Amino acid sequence: MLRMSSDAEDLLQEVFVQVWHQANRYSEERGSPEAWIVNIARSRAIDKLRSIRRMERSFVLTDDPAKAESSDNVESSAAESETKLTMNSALANLPEAQRKVLVLAYFDGLSQSEIADRLKEPLGTVKTRMRSGIQRLRDLLETKVR
Amino acid sequence: MATAEHEYWREQGEIYALGALDGQELKDFEAHLAAGCPVCDAYLRETGETLNLVHRSLQPVTPSTAVKDRILRQIAGDKVVPITVAQPKQTRGWQIITGTIAACIIGVVLTGTYYNYRYSVYSSVVNLLRDPTTRDLPLYGAGPTPTAKGRFLWNQSGEGHIFVSDLPSAPEGKMYAVWTIAQQSPPRYVGTVETNPKGQGGLHIKTTRSELPVETFAVTLEPVGTTAAPTGPMVLVSKQS
């Protein structure tokens, strides 16, 4: 998600220390311990990613405003994430349009409106693709469980 | 709540679980959750577990060994926080009532299903006993279980029932396979019988009619999944050796 291994290692340290300090806050009601730790890691990674993005945007805007608005930039970021996907993964089994919106939301931390803006697609289309993608993941999960 | 309205919240919940809901829709959904919606709570939790698949799609990367040292150094001076199971939130009265009713309904359904099953087994055994062509054969312990006992009710139409007693539970990875043996024919697997902690068990058997009359009935201890031919020791047999 963070692309720089040094950023990822800093984040890993922060997450482990947070889990160490807040282990007594874990509740089974919220899901499995794995889900709890992954949520902490993802939420911190997205915060960091958004702050990096804000910083990059301000630098790019002063340099070349057109470049900051280019959808190619974001597309390449999502594509970069996708290249790291394992071939047999659940995401790899989704149609490209569904995978793209899920990757932008899950790994790049973009909201539905931001994704619609960047992909130049109607908000309704983005929502439908997200929901279809999640439904497909759910079906894959059920198939694996069976 | 109307189904159509709830369908709307369910759809919003999927995008919320992904972290992509924003603007007024986000505020509305959070207000809906805050008002207390057990259906959405449960659906969100389930969607969250599904989305856990997503991070597993990434190729794992091993961090440098320095990270582990840094983490251990950072927590070295900390007081250990005991891990305790978080107490569930205060349950509302209506939730208790609904839960109790649901538990009663499930209990009644499960009890009904259990008694239906027991009744169908008893009826089948009674029908076998009513049939004058049904044979009632004693089973004798053999090999590793000489004190085991049993009875085999068998009808030449291919229906039967086996009762066993004093037969210890099959060890891990093993099962008790039941065989019928007709004259000059290889043993035929007809089912697996399980025993309770008291060593008792039973199995109702329905197979296709055998061409030749069955002469011997046997139970052998087999590795789980063995159905082609007996390979393990005989633990019960219809003819005393």
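Predicted model: local features only at pLDDT ≥ 70, side-chain atom pairs only at ≥ 80, totals over all residues.

Me: What makes β1(B) and β8(B) a pair?

Reply: Two bridges link β1(B) to β8(B), residues 234–237 of chain B, in the antiparallel sense. The cut-off is at least two bridges, so they count as paired. As for who sits across from whom, B:Gly141 has B:Leu236 as its bridge partner in β8(B).

Me: And how do you know that β1(B) pairs with β2(B)?

Reply: Seven bridges join β1(B), residues 135–142, to β2(B), residues 145–155, and the two run antiparallel. Pairing needs at least two bridges, so this qualifies. B:Arg135, for instance, is partnered with B:Trp154 in β2(B). The two strands form a hairpin with two residues between them, and B:Gly143 in the turn has a positive phi of about 50°.

Me: Which residues have the most contacts inside the largest nonpolar core?

Reply: A:Ile115, A:Met130 and B:Leu18, in a core of 31 residues. The top giver is α5(A), with six residues.

Me: What does B:Leu18 touch, leaving out residues up to four places away in sequence?

Reply: Its contacts include A:Leu102, A:Tyr106, A:Met130 and A:Ile134, along with B:Leu51. Contact means heavy atoms within 4.5 Å, so each of these has atoms that close to B:Leu18.

Me: Where does B:Trp154 belong?

Reply: B:Trp154 is in a second, separate core of 20 residues, which also includes B:Ile162, B:Val190 and B:Val235.

How values were computed. Residues numbered from 1 in each chain as written. Chains lettered and ligands numbered in written order. Heavy atoms only, no water. Core = buried A, V, L, I, M, F, W, Y, C linked by side-chain atoms within 4.5 Å. Buried < 20%, exposed > 50% of the residue type's maximum accessible area, 1.4 Å probe, protein only. Helix = DSSP H or I, 4+ residues; strand = E, 2+ residues; numbered from the N terminus.
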